[in-house]
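Hi,

Here is the structure I said I'd pass on. Have a look, and my notes follow below.

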Amino acid sequence: MTSEQHLAPFRMPDRLFAELAAGGGSAAAVAFLERAERARRLLLLRTLLDDLAALPTPLTPVAEAWRVLKEAAETSPEPVERLLLAPATGGWISHMLRRVHGTATGPPLWVEAGHLSALALSASVQAGTEAALDVPLTSGRLHLPGLGMVRLPGGEDGLTVGRATTAGGELTVTAPGGATGPVRVTCRPRRRPADADGTATDADVWLPLRTLTHTGPDGTAPFTVLLEDLDPYRDLDDHLPPARLDDEEAREWQRLFTEAARLLAHPDGPGPGRVDPAMIRAIVPFGRTAVSPPPPPFVQVSASSGDSFGGMLIVRPSSPLALAETLVHELQHSKLAALLHLFPLLEDDRAERYYAPWRTDPRHLTGLLHGVYAFTGVAGFWRDRLAGAPDERTADTAGYHFALRRLQSRLVVRTLLTEGRLTPQGRALVSGLARTLDGWLREPVPDGALTRARTAAALHRTEWRLRNVDPAAQAPSDGPRFRPDRTLWPDVRTHAFAPRPVAPRTADEHLAAGDAAAALAGYAEQLAADPAEPHALAGWIVARAAHDPGRATRRMLARPELLQPLPSG
C-alpha cells in the first residue's frame with residue numbers, strides 16, 4: 001500500500017509447494033499464499049482504478065479516495081492490510097471488474113465504485129488520519145468495512161449522497177433528511193459510539209461488526225474471525241443489503257465456533273485436514289436458521305470463492321463437528337484457488353463430463369480438482385477423529401467418513417492423472433495428493449465402517465450413472481454422453497450409511513448392515529412398482545454384486561445404465 005514499488009517476482013519454495021501438494025499446508029505456506037493474494041489484489045485494484053477514472057459520479061473521485069487510503073496505510077499499515085486482505089474486499093474488486101466489463105450487474109456503477117471511499121474512510125478512522133469524502137448512502141446507512149455500519153436516524157430512503165469526514169478516529173456523516181433538513185451524526189467506531197447532538201442513542205447510530213473469538217489451549221492470545229453479516233460484498237459476488245444476526249443466533253455461532261476450534265487443535269502440527277482456525281478471516285452466516293437447526297450431522301450449504309481468500313459462506317450447522325469439517329473443506333478451496341492464481345495447473349475446456357463422487361451432476365476438470373483437494377482435506381480431518389476416538393461408536397463413524405473420502409478422492413486423482421491435461425505444476429500437485437491418499441488407503445479402519453464406506457461409494461457412482469448417462473448413446477473416447485432429461489437428485493445415502501444400523505428395516509439399512517439378501521428383496525419390491533426408479537435400481541445392482549460377486553455383476557457395476565432387462569427380483 002506504500003508508494004514504494006516491489007518488483008521482485010514471487011517464488012514459492014519447493015518445501016511449501018510440497019506441503020500444499022500433499023493436501024496440507026503449514027502457517028508459513030498459508031502466509032505465502034496470503035502474500036501472493038495481496039499482490040494480486042493490488043494489481044487488480046490498480047486496473048480497476050484505471051477503469052473507473054473517467055466514471056461520471058456525484059461522489060468524490062476514486063483518485064482522492066485512493067490517496068486517503070494510501071495515506072492511512074503509510075500512517076498505520078496493519079489495519080489497512082487487514083482491510084485489503086478481507087475476503088469481502090477481494091469479492092468487491094473482482095465484482096467491480098466484472099461490472100466494468102459487462103459480465104455482472106448490481107446497483108448503479110457509481111454506487112458500487114463508492115465502496116472504495118468506504119474502505120478509505122475505514123482505513124482513515126483506524127489510522128487516525130483526516131479525510132473528507134462524498135459517499136453513497138442507502139436509506140441513511142453507510143457501511144465501513146472491518147468496523148461496522150453508521151445509521152443516520154431520519155435519513156432519506158433509497159440512494160443518496162452524504163458527506164463523511166474523519167479526524168482523530170472520529171467519524172462524522174452528514175446526509176439529506178426529510179422535511180426537517182439534513183441529518184448529522186458523529187461516532188467513534190473504535191470506541192463507545194455516540195451521536196453529535198444527543199438526539200439518538202448509540203444503537204441508533206453505530207452497529208459494530210460481529211466477531212468470533214477463540215483462545216488457544218496453551219493460553220495464547222485470542223484471535224478473532226469476522227462473523228460478517230453487514231458487508232455488501234460478503235456474498236462472494238453480488239451486492240447484498242445488511243442482514244444483522246439477532247443476539248441469540250450470534251451467541252450460538254460463538255458456541256459452535258469455540259468448540260470447532262478446539263476440535264481442530266492438533267498437537268502434532270499441520271498436515272492434510274488440519275486447520276489453524278486463525279487462518280480463517282471471515283465466516284458469512286448464510287440465510288437464517290432457528291436456534292436449534294435441523295438434525296442432519298452435516299452442513300447443508302457452504303461455499304467459498306477464489307476472489308475471497310479465507311472467507312466462507314455457511315449455513316449454521318447442528319454441531320461443532322460439522323462446522324469444523326466445513327472449515328477444513330472451505331479453507332482447502334481457498335488454498336487451491338490461491339495456487340491457481342500462481343500456477344496454471346491444468347488445461348480445462350470447461351466441458352462437464354467427469355464423475356465427481358461428491359456431486360450429483362457431471363463436473364469439469366477445474367471443479368474436479370477443487371473437489372479432490374477439498375475432500376482430501378476432509379479425509380484427513382476424519383483420519384484425526386479416528387485416531388483420537390474415545391469409544392467404539394465414535395471410531396466407527398469417523399472410520400466410515402475417512403474410508404469413504406479417501407476412496408472417493410483417490411478415484412478422482414486417478415481421473416485427473418489419466419485425463420486431466422495437467423501442467424508440470426498440476427501433475428506435481430495431483431501426484432502429491434496421490435501419495436497422501438495411497439498411504440492412507442493402507443491404514444486400518446474398523447471392518448464394518450470400511451464395508452459401509454465401500455458400499456456407499458458404489459451406490460453413489462451407480463445412481464449417478466443411472467441418472468446421468470444416456471444408455472442409448474455409444475460412449476465416445478472422451479467420456480459418456482448424458483441424458484437430455486437429467487436433473488439434480490438428492491444424495492441421501494452418503495450420510496445415511498455413516499451410522500451402523502441397529503435394527504434394519506429398509507432395504508438401504510439392510511444393505512448398510514451387510515445383509516445383501518434382505519436388501520435385494522426390499523429393492524425388488526420397490527422395483528415391482530417402478531422398474532426404472534434409479535434409487536432402488538442402484539441399490540439392487542450394488543446389493544446383487546455384494547450377494548453374488550463375479551464377472552457379470554462387475555460388468556453391471558461398471559455400466560449400470562446398460563442393464564437390460566430390468567431386474568425382477
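This is a predicted model: local features need pLDDT of at least 70, side-chain atom pairs count only at pLDDT 80 or more; totals for chains, interfaces and linings use all residues.

Helices α10 and α11 cross in a right-handed way (the near helix is turned clockwise from the far one by less than a right angle). Their axes come within 9 Å and cross at roughly 140°, with α10 covering residues 320-342 and α11 residues 365-387. Axes here are lines fitted to C-alpha atoms over the stretch in contact, and angles run from 0 to 180 degrees between N-to-C directions.

Residues are numbered from 1 along each chain as its sequence is written, and side-chain values use heavy atoms, with hydrogens and water left out.

Next, T415, which sits in helix α12 (residues 392-419). Helices are DSSP runs of H or I, at least four residues, and strands are E runs of at least two, numbered from the N terminus. T415 has 18% relative accessibility, so it counts as buried (under 20% relative accessible area, 1.4 Å probe, protein chains only). Beyond its neighbours within four places in sequence, T415 touches Y354, L368 and G420.

Last, the strands: β9 (residues 223-227) pairs with β10 in the parallel sense over 2 bridges (DSSP must find at least two). L227 is opposite I283 in β10. Strand β10 (residues 282-285) is covered on both faces, with A282 and V284 buried on one side and I283 and P285 on the other.

Cheers

How values were computed. Buried means under 20% relative accessible area, exposed over 50%, partly exposed in between (1.4 Å probe, protein chains only). Contact means heavy atoms within 4.5 Å.
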